[in-house]
Amino acid sequence: MRCLYCDRMADKVSLKSLFLKEDELCIDCRSRLVLKRRKIRVQEMEVETFYDYDGMFKSLLLQYKECLDEALKNVFLYEIADYINLRYMGYKVCLIPSSRKKLEFRGFNHLEMMFEQVKLKKLQGLRMKDELCQEGMGLNERMKMLDNFVYDGKQEEKILLADDVLTSGSTLLGAYRTLILCSKTVKVLSVAYKNNLLI
Ligand SMILES: [Zn+2]
């Protein structure tokens, strides 16, 4: 199989790739994604993250989200989907919604596709009030994200709120504060962490 990132034929494969689930990255590219599970506190919320948003992770995510390379959808959660499925058994996953503009631009929902390997039930009903687009936002605009979510779904026991990159924390915190009003437990997860929290 060819590696989806460097396009080389894989001459070596990992044991996991051989026996359990095929990795679509070669061993060299995979080794450049350093798994680093951490908990980051953002005010009253704790976010579990798995990768630093830099180097290889950043290149892959840009290729997926901005160069619209849908084929990469499975590489981000390859190492962590099994952990998430076990650790959060019984939780419903609520993904941060994308703006309509971004969905139209991409033609696919990048987060939904990234989380296909997570077998937990999906929770619908979290929406943005305004279609704010996070990229290029200043601090003031980011603060608006704190009050930019509504949830019109059912009351739930356990929710796992998830996003791809934790940047300022304002998006996840806004969504968290909305969901915690109608759920006993809300855990928060971000696949990667960009080290510049502003709030
Ligand atoms: Zn490769």
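Visitor: Why is the site of the zinc ion called tetrahedral?

Guide: The angles among its four donor atoms run from 105 to 115°, and four donors count as tetrahedral if all angles lie between 85 and 135 degrees, so the site of the zinc ion is tetrahedral. Bear in mind that this is a predicted model, where local features need pLDDT of at least 70, side-chain atom pairs count only at pLDDT 80 or more, and totals for chains, interfaces and linings use all residues. Residues are numbered from 1 along each chain as its sequence is written, and side-chain values use heavy atoms, with hydrogens and water left out.

Visitor: What makes C3, C6, C26 and C29 donors of the zinc ion?

Guide: Their SG atoms lie 2.3 Å from the zinc ion, and donors are N, O and S atoms within 2.8 Å of the metal (3.2 Å for Na, K and Ca), so the four qualify. Along the chain, the donors follow the spacing C-x2-C-x19-C-x2-C.

Visitor: Is C3 buried or exposed?

Guide: C3 has 3% relative accessibility, and buried means under 20% relative accessible area, exposed over 50%, partly exposed in between (1.4 Å probe, protein chains only), so C3 counts as buried.

Visitor: And why is C6 called partly exposed?

Guide: C6 has a relative accessible area of 27%, so by those cut-offs C6 is partly exposed.

Visitor: Where are the domains in the protein chain?

Guide: Domain 1 covers 1-32 and domain 2 covers 35-193, bounds that come from an automatic or database domain assignment. Their centres, taken over C-alpha atoms, are 26 Å apart.

Visitor: How many residues of domain 1 are in contact with domain 2?

Guide: 13 residues of domain 1 are in contact with 14 residues of domain 2, where contact means heavy atoms within 4.5 Å.

Visitor: What makes the pair D82 and K21 a salt bridge?

Guide: Their closest N and O atoms are 3.9 Å apart, and a salt bridge is a side-chain nitrogen of Lys or Arg within 4 Å of a carboxyl oxygen of Asp or Glu, so the pair passes. Across the interface of domain 1 and domain 2, the rule finds two salt bridges.

Conventions. Four donors count as tetrahedral if all angles lie between 85 and 135 degrees; four count as square planar and six as octahedral if opposite donors are over 155 degrees apart and all others between 65 and 115; anything else is irregular.
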